[in-house]
Every structure is written in structure tokens, then in C-alpha cells.
Amino acid sequence: MAVKSSKETNRLNYDADIQQELLNKYKSANQWFWSAFKRYPIQYIIATIVLLISTYTSAKTLALVGDIIGIIRDNIKASLPIFSVAFNETILLMITFVIISWVCLSINIYLWADTSFKVQRDMRQEFYEIIQEHSMAFFDVNDSGVILSMGMNEINQIRMAYHPSIRMLMGSIFTIGITTWLVYEYNWIIGVVLGSTFVIYLIIAWLYAARVGPIRQKLATDLGDLSSLSQEMFKGIDVVRSFDNHQKEIEKFDLVSEKYASDMKREGYFSAFYWPALLTILVTAGAFIYGLIIIGDVAILISILTLLLNLNRQNFMIPAHLINLQAGIQNSKRLWEVMNFDDPLTQPVEPQEADWEKAVSFKDVNFVYPGTEKHVLKNVSFTIPSGARVALIGGPGSGKSTILKLLLRLYDPTEGRIEIDGATITDMHTSYVRDNVTMVEQDIFLFSDTLKANISFSRPDATDVEIQRAAERAQIAQFIESLPKKYETIIGERGVTLSGGQKQRIAIARALLSDPKLLLLDDSTSAVDIKTELRLRYAIEELMKDRTSIVVTQRLTTLVAADIIILMKKGEIVDIGTHKELLERCPDYQFMCKHLPMVDGVGTSGCNDTTKGGNV
């Protein structure tokens, strides 16, 4: 046995635990939401300063309107020219304030917009990276359409909470404070009443936002359901059309859409009867009456009323931005909960290494998929010697594919141990395991990219010569060379433009390029014809040479060629042995062999292109 700590050998530089780093850095969803100010503090400080300047100069400009009227009145009484020095200086001051206010406001909007979009980018990247790090257990219990909606729509809502909502709320607060102070300078009684009124107004506005917040949260959930349903329908559009079932899908969408519309109406009904701005309107009316009766100075009265009218404009925006702010906070909590998923598959503190060219052992392994209670594997035990060719056979739901997934550390055993050269696989980092193990799955997944990119996905640094050689060994090179753009040909989503056999050969080329120590094949030749299967068998024979391989198969020819056959039934091992041994002693195996397809002429081929790649 060769077991070493990666800290001692320092042979592998494992990726950092992104999820744990984020949790340690921000601690909670609220900290993550407000982290924008820690990410870009200088930009937000400058933006706040220029916003304060813009708010003051804008309010002061309005206040100067009454001063100008007072100057005109005094000049007329004194029989002086209207355009006196005091009048010209005040007008010039107003123009200066307007320019300063416009410049500062423009800078403020630019900084908030630019920085908020950067925050959105950073949060989306963090969300994407952490979701990618989650094990398959996460995707078993979370709908991909909902996750997609959260990563796009809800993070966008967080960005909108910053810009424009927090920016506008800060502007409103500055406006309220500065305006109250300016009004206080003109008349302290109106100033005190105004300040007290706004305290009450802000409390009511926050309570309103708190009531509407849960409705907005429900709307986010409804939108996720809509995205999930749409994504599922688009993915299965061929099935929908094949069965002419589009009307049923439309009705399903209509039900979910109606639910979303109903929640939108609830928010609308609630908002219709909310009008806290009535408080400041009453104060404005009261100030006007008080000014006429008590103050008696029209110039001062105009300055006060101009400032109050400016406040009323702010009042109508505050509730909406408070709602957006609370929606952003709520969405960050939803995202945080997903990112903070309690993953049953964890990385070891001190990852171990092992010799993957030695024996692979399952010892009393039990497994239950997350969110279920049924045992998929029950006390499974076997040992695979180095270099052995193993065939897994059994009916649907027997646990064959689950064994492959456990060897890839897509999941960890619920009970029991999987050992490589005596080292437990759960003590190894997932990156290390997947550097040594490669699987060709039954349901081939190809990316909407070039053929070259799909083949080199297992080794992005592979040269063109290596990629072409892998394609030749997988019997797909001749087909690729026949295409106008050859290896630069872009295939459709999930390889929709390719046949089943072509997709499988590209997947095998991808596996060949990775050069694994342990090869896993999940019924990888199930969708090809006899001629193509012969080509693939030659390629697979070369790939299996001098390495341990495990094949899930229903092909009799594969069983005959296997060193070890593991027969499974309902998650348990029925028998283990060679084809000859099982054929002699195992009734279940005898029954299955009678019903398995067999390819004649294995080992011989009339094809001349078995080394150059098939054209089919």
C-alpha cells in the first residue's frame, strides 16, 4: 500500500474549498448582501460624497428662488433696478449650484451603476462556482431550472437593490435632512414639525416594505417555477411534438403563470391603499397656511414651499425603493441557503493518495440516494485485481451505475468503505480521484461547442495531434475529417446534430485523451450498430490494455471477454466469477445470457478503416 498525505508530499495542489472560504468570509446572508461596500469601498465613498454635494446644491438652488423674489421685492420698494448686484450674484450662485449638482449627480450615478454591476458579476461568479462544487446530492434535490432562475433573476434583483434603490434611498435621506435643516433656518417651528413628520413617515414606509417583502419573495419563487417549467418544455420539445401534446403544456404553463399574476395582484391591491406621503402633503398645506398667517413674508414662504414640494417628490419614491431593498435582502437569503447546502460529500482535511494501479475493493458498501430511503446498494463487497477487466450486469435498478458513480466520488457510500490500494476513497480529494478515473456514461453529454473542444474537455492543454490521435482510436476521425470545418465544427446543444453512435465515439475519444488509471464504461456501445460496435471494441480494447476497467454491459461478447463478472440484483451481488463459472453454477446468469444480444465475428473485421476512424 502506498498512502501519503498530500501535505507531506506536496505533489498535488488541490483547489480551495470555495464554499467554506465564502462562509468564513461573510458568515451570513446579510453580510454577503452588504459586502458590496467592502468589495469596492473607495468607489462608494466617492459616490456618497458627490451625492451629498449634489443634494445640498440642488436643495440650496430651490431655496434661492425665494431669496431672488425677496431681492426683486426689495429693489422695487427702494426704486432700484431689478438687476442689481445682489440679484446678479444670486442668479450666478444658482447657476453655479445647478452645474455642480448636475456634475456631481452624473458622477454619482456612474459610480453606483458601474460598481453595482461589478458586485452583481462577483456575486454571480461566487454563486456559480459554489454550485459547481456541490456534489450530485445537491442536484438530486434541487431543480436546475430554479437554480438557473436564482442565478440570473434573483442576483439581478440584488443588483437593483443597490442601484438604483440604495442610491435613491441615500439621496432621499440626504434630501430630507438637508431640506429640514434649510427649512429650520427659515422657520424653526416648521422645521421641527417637518423633521418629526418624516420620522413617522419613514417608520410607516419601512413597515409597508416589510409587509410587501414576503409577497416579493413569493414572486421570486413563482418566477423560478416558471423558468423551470419553461426549461423542461424546451428540452423536451421533440417529445411534446411527437405526441402532439403542446396544448397540455400550454395549460400547465398557464396555471403557473396565473399563480404568478395572482401574487402580483396581491401586491398591487396592498399598494393601492398605502399613501404615507399624505403626511408630508398635509405638512406642506399646513406650512402654507401657517406662513400666510404668521410669517407674512412671501419670499420666505416661497422658499419653504419650494423645499417642501421637492420633498413630496422624494416621498413617492421611498416606498418603492424600500421594497426593492428588502427584496434584494430576501433574495440574498435564498441564494445563501442554496450556497450553504449541507453537502454529504465533503473534502478531507488532509487528502490522501494511493496507487490506482493496485486493487480496488468495496467493503460492505451500502448506499441511499439523498432524499430517498430505498437502499440502492446493500452490503456490496468485492475486490478487483490490478489490470482486471470487470463486467457489471444486472437488471434495471440493480445498482450497476451507482457503483461507477461511487468510484468517481460523485457520491460517498452511506455505509461501508471503498479502498484503493488499501486507502479509503473518502480520504482522497475529489479532484485527485477524477484525475485517475474516467467514465463514459450511457447518456452522453456534449457541449454546444466545437468537436475539438468536446474531445479536449478532459485535457484542455492537449495538442492538435493528440486530439486527432484520440479521434482515430475512437473510430470517429474519418467522420470529423469529412466535415467542412473538421475539428472546428460546432455541434448543437447536447450534440443534437450527431447520431447516437457518433456521440458515443466522441465521448470515448474524450476518455482516451484523459488516459485514466481506472476506466468506467456505462453501457457505452448500447446505441450503435454492429459495424460501429466492432470499431468501438477495437478502440476500447486498446484503451483497456494495462489498466483496470469496469464496464456496465448487456453484451454477451463483452461478458465472455471479461476477467470478472459481477451479477447484481436489487442492489445486491448475486454472484461473482468468470463467464464460464457463472454459466455453470448461476441460474440467474444462465437466464440472462439466453436473452442478451451477441455480435458475431468478434475479433475479425472486414473494415479497412479500423485504425483511421469510421465514417458512420
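Which residues do ring pairs link into a cluster? Select F33, W34, F37, Y44, W112 and Y162: ring pairs join them into a cluster. Rings of Phe, Tyr and Trp (its six-membered ring) pair if their centres lie within 6.5 Å; planes under 30 degrees apart count as stacked, over 60 as edge-to-face and the rest as tilted.

Before moving on, note that this is a predicted model, where local features need pLDDT of at least 70 and side-chain atom pairs count only at pLDDT 80 or more, while totals for chains, interfaces and linings use all residues. Residues are numbered from 1 along each chain as its sequence is written, and side-chain values use heavy atoms, leaving out hydrogens and water.

The structure holds 22 aromatic pairs. Pick F362 and F382, which are stacked at 4.6 Å centre to centre with 15° between the planes. F362 sits in strand β3 (residues 360-368) and F382 in strand β4 (residues 375-384), so their pairing ties together parts 20 residues apart in sequence. Strands are DSSP runs (E, at least two residues), numbered from the N terminus. Both F362 and F382 are buried, meaning under 20% relative accessible area, with exposed over 50% and partly exposed in between (1.4 Å probe, protein chains only).

F445 is partly exposed at 35% relative accessibility, and F447 is partly exposed at 34%.

**Last stop: a lysine**

Finish at K570, in the loop between β11 (564-569) and β12 (572-577). Is K570 buried or exposed? At 62% relative accessibility, K570 counts as exposed.

Technical notes:
Helices (H or I, at least four residues) and strands (E, at least two) are DSSP runs, numbered from the N terminus.
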